[in-house]
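I keep these entries as a record of what I looked up, one topic at a time.

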Amino acid sequence: MSLFRKNMFSYKQAKGKARLGALRTNHGTLQTPFFMPDATRASVRGVSGTDMQTSGVEALVVNTYHLMLQPGSSYIRDVLGVHAFMGWDRPILSDSGGYQVYSLIHKNPDLGRITEKGAEFRSVLDGSKHTLTPERAIEIQFDLGVDMMVCLDDPRPNDASEKDLSDAVSRTFRFAERCRKEYDRQLSIRGIEDEDRPLLFGVIQGGPIADLRKEAVAGLTAFGFDGYGFGGRHIDSDGVFLEEVLKAAVEGIPPSAPRFGLGIGTPHDIVRCFEQGWDMFDCVIPTREGRHGRLFVWNHEGVGGENLAEGNFYATLNIQNERYKNDMTRVEEACDCTLCANHTRAYLRHLFRIGDPLALRLATIHNLRFYARLIAVLRSMSE
RNA sequence: GGGUAGGUGGUGGAGUGGUCUAUCACAUCUGACUGUAAAUCAGACGACUUCGGUCUUCGGGGGUUCGAAUCCCUCCCUACCCA
């Protein structure tokens with residue numbers, strides 16, 4: 001019983017393998033490709049919903065693990081869902097907490113362990129124990145009331161042994177089966193009609209080994225999910241984009257399903273994934289790096305496009321550098337964001353220097369606007 | 001005029017005979033950041049360097065000592081108290 005809803009996703013082939021699509025969700029239709037900033041704890045740090053809408057943000061990602069800890073999924077359920085809680089009425093996707101198996105547990109074994117039962121976390125907030133089973137992850141995501149949810153997965157570091165990576169694929173598949181079973185059960189318990197159900201994404205594991213990725217895709221697609229996400233990490237330990245691995249994965253996914261590159265990525269990574277046929281993305285880069293004073297700017301005004309694939313269409317500047325002390329130009333003259341419309345580089349640098357929270361907000365807004373403009377370019381170029 | 005306490009690298013402030021170019025913090029400079037333990041983290045921060053070192057620093061000057069930021073003399077300066 002494959003998940004399939006008529007008119008949920010449609011697309012037309014664009015340049016090469018890239019495609020332009022439309023994904024229907026309970027909070028509106030999203031044009032693909034699209035990029036979602038991470039509002040991990042139901043907040044894109046430092047910016048308001050209005051800031052995000054003005055910047056061109058169309059959808060957000062929240063996190064099951066972090067919201068489970070604070071303020072708690074039942075709390076969010078009781079306040080009628082994360083949309084109402086945040087005051088954001090556009091699409092929201094929740095990540096399953098699977099990434100925290102990697103970012104917390106694998107990077108620091110003191111913070112928990114992953115077993116066949118699920119992920120046992122030692123809370124990063126107060127040390128308390130929390131077990132996130134596949135079933136629990138799905139239940140929480142229903143409590144959150146999101147539009148798109150993700151199966152709990154078991155990502156491993158890319159330098160893990162082949163056996164380890166293979167185990168991660170098979171366990172992620174078993175988790176996916178359990179997630180799907182619980183998903184159906186929740187739909188039934190909550191009396192949710194097919195037309196109103198959130199979309200469920202399976203996650204492709206396999207590390208940097210293309211054959212494992214193919215195997216993962218084959219298993220998941222045979223089982224059937226609304227969409228498929230590329231999990232784990234899409235870069236090697238040196239930050240090099242795993243072009244062939246992404247390609248191996250995307251080729252096995254039926255074109256009728258949306259393809260989600262989890263945690264992707266830099267502007268260049270997004271372009272390359274889009275050209276391979278990936279449709280949706282999320283990443284902390286624009287927001288985190290913005291808060292750290294790194295601003296994205298186009299290399300050329302008017303934005304050509306010939307150089308998109310080479311990745312030299314943009315540059316970054318560290319606004320805190322001394323060279324901007326007397327720089328009275330805009331971060332980017334051609335940008336229409338709140339920062340570029342009103343303030344100089346020198347002023348933004350000053351705001352960072354004095355530690356004013358406004359610096360974080362303005363830098364984040366600019367980077368979100370940059371990403372939105374990148375997506376707009378991809379959409380227009382491919383027609 | 002008398003007394004007391006002090007003067008350490010951009011700042012604050014440790015050190016009180018050798019392991020001191022001198023802890024630490026801040027400031028400054030630079031870098032990193034990819035499904036957010038991240039308004040975080042890392043490196044540099046006297047000069048020169050063939051990167052192995054070399055030279056110059058702890059208010060100024062002089063002295064004791066094999067050796068001084070550390071002890072002594074002297075001068076200068078600062079803060080507070082008393083006249």
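A residue is near a strand if its C-beta atom, placed from the backbone, lies within 6 Å of it. For the classes, Ala, Val, Leu, Ile, Met, Phe, Trp, Tyr, Cys and Pro count as nonpolar, Asp, Glu, Lys and Arg as charged, and the others, Gly among them, as polar.

I note that this is a predicted model, in which local features need pLDDT of at least 70, side-chain atom pairs count only at pLDDT 80 or more, and totals for chains, interfaces and linings use all residues. Residues are numbered from 1 along each chain as its sequence is written, while chains are lettered from A and ligands numbered from 1 in the order in which they are written.

**Entry: RNA strand B.** I looked up the 48 residues around RNA strand B and found that Ser-103, Pro-155, Gly-263, Gly-265 and Val-284 come nearest. The elements that give two or more residues to this surface are β5 (60-63), α5 (98-106), β14 (280-283), α11 (285-291) and α14 (357-381). The largest share, six residues, comes from α5. Helices (H or I, at least four residues) and strands (E, at least two) are DSSP runs, numbered from the N terminus.

**Entry: domains.** I found 21 residues of domain 1 in contact with 20 residues of domain 2; contact requires C-beta atoms, placed from the backbone, within 7 Å. On the side of domain 1 that touches domain 2, α10 (267-276) gives the largest share, seven residues. That side has 12 nonpolar, five polar and four charged residues.

**Entry: backbone.** Most residues other than glycine have a negative phi, and most peptide bonds are trans. The peptide bond from Thr-32 to Pro-33 is cis, with omega near 0°, and Pro-33 is found in the loop between β3 (28-32) and β4. Another cis peptide bond joins Ile-264 and Gly-265, with omega about -5°; Gly-265 is also among the residues that come nearest to RNA strand B. Ala-42 is not a glycine, yet has a positive phi of about 65°. I located Ala-42 in the loop between β4 and α1.

Terms used: Two residues are in contact if their C-beta atoms, placed from the backbone, lie within 7 Å.
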